[in-house]
Amino acid sequence: MPENGKPAIDILVADDEPHIARALNFIFKKEGYNVEMAFDGDAAMQIIKECRPKFVFLDLIMPKKNGDEICKAIKSDIDLRDIHVIILTCKGQELDKERSMAAGANEFITKPFSPKEVLSRVKAILESK
Amino acid sequence: MLYCLSFFVVLLLCMFTGGIESPARFLYFPLIVILSQRLSFKALIWTGILFSLFFTLLLFLFKTPAIQIPGFTVEIFAYILSAFAAGFCSQTKQEERERYDNAISTFHSLSDALNYKNMNLQTTLDALSAAHNKLQEYDQNRTKFLSNVSHELRTPLSSIRSYSEILLNYDDIDTDTCREFIQIINSESERLSALVNEVLDIAKIESGKLELNISPVNPDFLLKESEKIIKPMASDKGLLLVLKYDEKMPDVRGDRNQLIQVLVNLLNNAVKFTNTGTITLGARQNGGFVEFSVSDTGEGIFPEEKEVIFDEFYRISEVVENRPKGSGLGLSISKKIVEYHGGKIWVDSNLGEGSTFCFTIPCYTGKVRSTTDHIYFPEKSSGQAYLPILVLSSDITVRRALRKKLEELGYQTLGADTPARASQVVSETRPGLIVTDIIEERDDLIELLRWARNSRVQTILVSLHIFTFGEEPRLALSGYLSKPFDKHEVMSLLEAFNEKGDRMVLISPDKEESRTLQVLLGSVGYDARLISESALAVRECIASPPESIIIGSFRKNQLEEIISSLKTNSQTKNIPIFLILGTALHNYVKTVTLDKASQRTGKDGLYKLVGEIESAYTRNQDGI
């Protein structure tokens, strides 16, 4: 149950680039999902705690907190562990991927990405849960 | 001689031991053997002959009865023969000794040569190691740069891709939203395009391939053009754009488009970070430079960010809605362009009170008249009351001679032998110009130079020497290399005098600076040899003259000696000499040096100094 009675959302998109966040927001809303956006790490953390999204898209480099940090925090919290974390970032080197996976991320996608593909992944996973 | 006396002792001994015929005379034989160790062949023969003569003389003198002629002859014969024998022994010994000495000296010179090669090898190894480290550093920076660049490129690309895909796949988007998305695609592609251009710019500058179209550029023109470009952006945001500049500014030496690029970059930032108020675009003359400034009434900059703000990809970290994101490259490109021109860029700012970005560009100084045909001293413009020139030099002959020359040309002069004394003098009488040959970075000198800069009194640094008594002081140096060494600066300085592959000699007691320079010179195609001991270096230069000589940090008297020796020797007097100058000094002074033409004539350029003085006064007319 979410912390303070706020409605549960399906997806959180956290990215300091407003355009990217809005693009994903648009697509998911079109499909009927409940989406929230966050533009920095602290806002993202807050929304995660309050709204318990099923899915979280995290950019690696964000002001206030990085994607990896948030991922670790989520995965080490017993109530938040089940959230599906997708790291969505421009940094696509092996090292970054390893680090993110070690932090517990479920998936790692590099930009630029195809919104259609991301959408189908999300659909598949949400349906299986 | 002393040895010969010993023979007389023998004879005397004879006399005392029973006359000339006493057997004591046979002491000659062991004596001659002993002396063969010491005397030369000739000396021994003479000793033998003299002894025999004296013996014979004494014999006849004392009229010894019954001189046995055969016995006597044999005796004399024996004396002479043994002298010869001793002589031959001595000769053999001499030869052996010579051979031994030769062997020793060959050994020593081989050993010296080996030591020397060893030292050079060590220096080369150190230089290679330093070069290796530098290369690794460059490599790491490259990798970081590339990773940053790819990151930066992907961001707008993802927006373009996402939105274009959305527009293709969904039919039911309303027109307004469609338009919005297309607008985003458009602006992101512009952003991408701008980024690509900036990256190419940086690559060009870094690789030294940036072609500057150098010409005299009017600062007025630069300001007005930049204003035109920025005005629409400023008005859109409701900001006031103001121009503020001195009336009569000299032309600057630079590439017009590059300089406009720098100004526009600074103005862009100013507009970006200011929400209300005024942006002031200004220019004023400061010594041999024109100082441009862009001030805003915006947010200001954190003190710790003032230096790093010019780093590549550095962006102010606060994210604000509606603020277009820059690439972080603008300021670093501007810095590179300014430094390429020979200027400096910096920022003054207080949080909440706005910022002022300033950069300097050197003034355009016309070509100094320096042909081999006519060398003359420019006439002081009549009717001008010039403030006196302060001549600062610890060498009394140089100081006197220079003052005399300047006074002959109609200038008033003041003299000082130390920076401290100079500071005293200027506090009493304000000079129009300072001419000095002091290069040691002492606190009192820096203080004086700082005062001069703040008071808009130009300081000219020149290396003057008097090589022959009663002569005029002459310029000795062809250039100053300032630390830290900048590849482009060094190259442009040396290129005027040298070709690729030219041999140079570096004379410096400071291993650190010389190795760095040696590596740098090697990397731009010069063959630089390092010698740290000054006397040896001068001998080497005379024996095998290089194409250029670079002298490092020596004490003044040693420096004097080195330069005098080089300039008075026929083999080396026309070789261009460069001096390594400390960082601090370089910022404050204008240097006057020999160029290729004046080098060749041998009439070493005092007229250059005077020409520079004249232009300095002409430029500073308003300041007086």
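Is A:Lys123 buried, partly exposed or exposed, and what is its relative accessible area? A:Lys123 is partly exposed, with a relative accessible area of 31%. The model is predicted.

## Salt bridges within chain A

A:Lys123 forms a salt bridge with A:Glu31, and the closest N and O atoms of the pair are 3.2 Å apart. The two residues belong to distant parts of the chain, 92 residues apart: A:Glu31 is in the loop between helix H1 (18–30) and strand E2 (35–38), while A:Lys123 is in helix H5 (residues 115–128). A:Glu31 is partly exposed, at a relative accessible area of 32%.

A further salt bridge joins the side chains of A:Lys65 and A:Asp42, with an N to O distance of 3.5 Å. A:Lys65 sits in the loop between strand E3 (55–58) and helix H3 (67–75) of chain A, and A:Asp42 in helix H2 (residues 41–51), so this pair ties together parts 23 residues apart in sequence. Relative accessibility is 26% for A:Lys65, which counts as partly exposed; A:Asp42 is partly exposed as well, at 35%. A:Asp15, A:Asp59 and A:Lys111 are linked in a network of salt bridges. Over all chains the count of salt bridges comes to 18.

## Interface of chains A and B

Chain B and chain A bury about 2200 Å² between them, and 57% of this area is on carbon and sulfur atoms. In chain B, the residues that lose the most area to chain A are B:His151, B:Arg154 and B:Tyr170, which together account for 22% of what that side buries. The contact involves 24 residues of chain B and 23 residues of chain A.

Three salt bridges cross the interface. B:Arg191 forms a salt bridge with A:Glu17, where the closest N and O atoms are 3.2 Å apart. Eight residue pairs are in polar contact across the interface. On the chain B side, helix H4 (69–169) and helix H5 (175–206) each supply at least two of the residues that touch chain A. H4(B) gives the most, with 12 residues.

## Overall make-up of chain B

Chain B contains 19 helices and 19 strands. Of its 624 residues, 43% are buried. Among contacts in chain B between residues at least 6 apart in sequence, 74% join residues at least 24 apart.

In helix H6 (residues 219–236) of chain B, B:Glu225 and B:Lys228 lie three residues apart, about one turn of the helix. Residues three or four places apart in an α-helix point the same way, because there are 3.6 residues a turn. B:Glu225 and B:Lys228 form a salt bridge, with the closest N and O atoms 3.0 Å apart. B:Glu225 is partly exposed, at a relative accessible area of 23%, whereas B:Lys228 is exposed, at 56%.

Helix H14 (residues 511–523) of chain B has 13 residues and should span 18 Å at 1.5 Å a residue; its end C-alpha atoms are 18 Å apart, which agrees. The buried residues of H14(B) are B:Glu513, B:Ser514, B:Leu517, B:Gln518, B:Leu520 and B:Leu521. Seen down the helix axis, these buried residues fall within an arc of 170°, so they line one face of H14(B). On the other side of the helix, B:Glu512 and B:Ser523 are exposed. After H14(B) comes B:Gly525, with a positive phi near 95°.

B:Tyr28 is in helix H2 (residues 28–35) of chain B. Its relative accessibility is 0%, so B:Tyr28 counts as buried. Beyond its neighbours within four places in sequence, B:Tyr28 is in contact with B:Phe7, B:Val10, B:Gly48, B:Phe51, B:Tyr79, B:Ser82 and B:Ala83. The side chain of B:Tyr28 reaches the backbone oxygen of B:Tyr79 at 2.8 Å.

B:Asn498 is in the loop between helix H13 (487–495) and strand E15 (503–507) of chain B. B:Asn498 is buried, at a relative accessible area of 4%, and its side chain makes a polar contact of 2.9 Å with the side chain of B:Ser548. B:Arg442, in the loop between strand E10 (433–436) and helix H12 (443–454) of chain B, is partly exposed at 32% relative accessibility. The side chain of B:Arg442 is in polar contact with that of B:Asp444, at 3.2 Å.

Note on methods
Residues numbered from 1 in each chain as written. Chains lettered and ligands numbered in written order. Predicted model: local features only at pLDDT ≥ 70, side-chain atom pairs only at ≥ 80, totals over all residues. Heavy atoms only, no water. Helix = DSSP H or I, 4+ residues; strand = E, 2+ residues; numbered from the N terminus. Expected span 1.5 Å × (residues − 1). Buried < 20%, exposed > 50% of the residue type's maximum accessible area, 1.4 Å probe, protein only. Arc of directions from axis to C-beta. Contact = heavy atoms within 4.5 Å. Polar contact = N/O pair within 3.5 Å; in protein donor to acceptor, adjacent residues only side chain to side chain. Buried area = accessible area lost by both parts, 1.4 Å probe. Salt bridge = Lys/Arg side-chain N within 4 Å of Asp/Glu carboxyl O.
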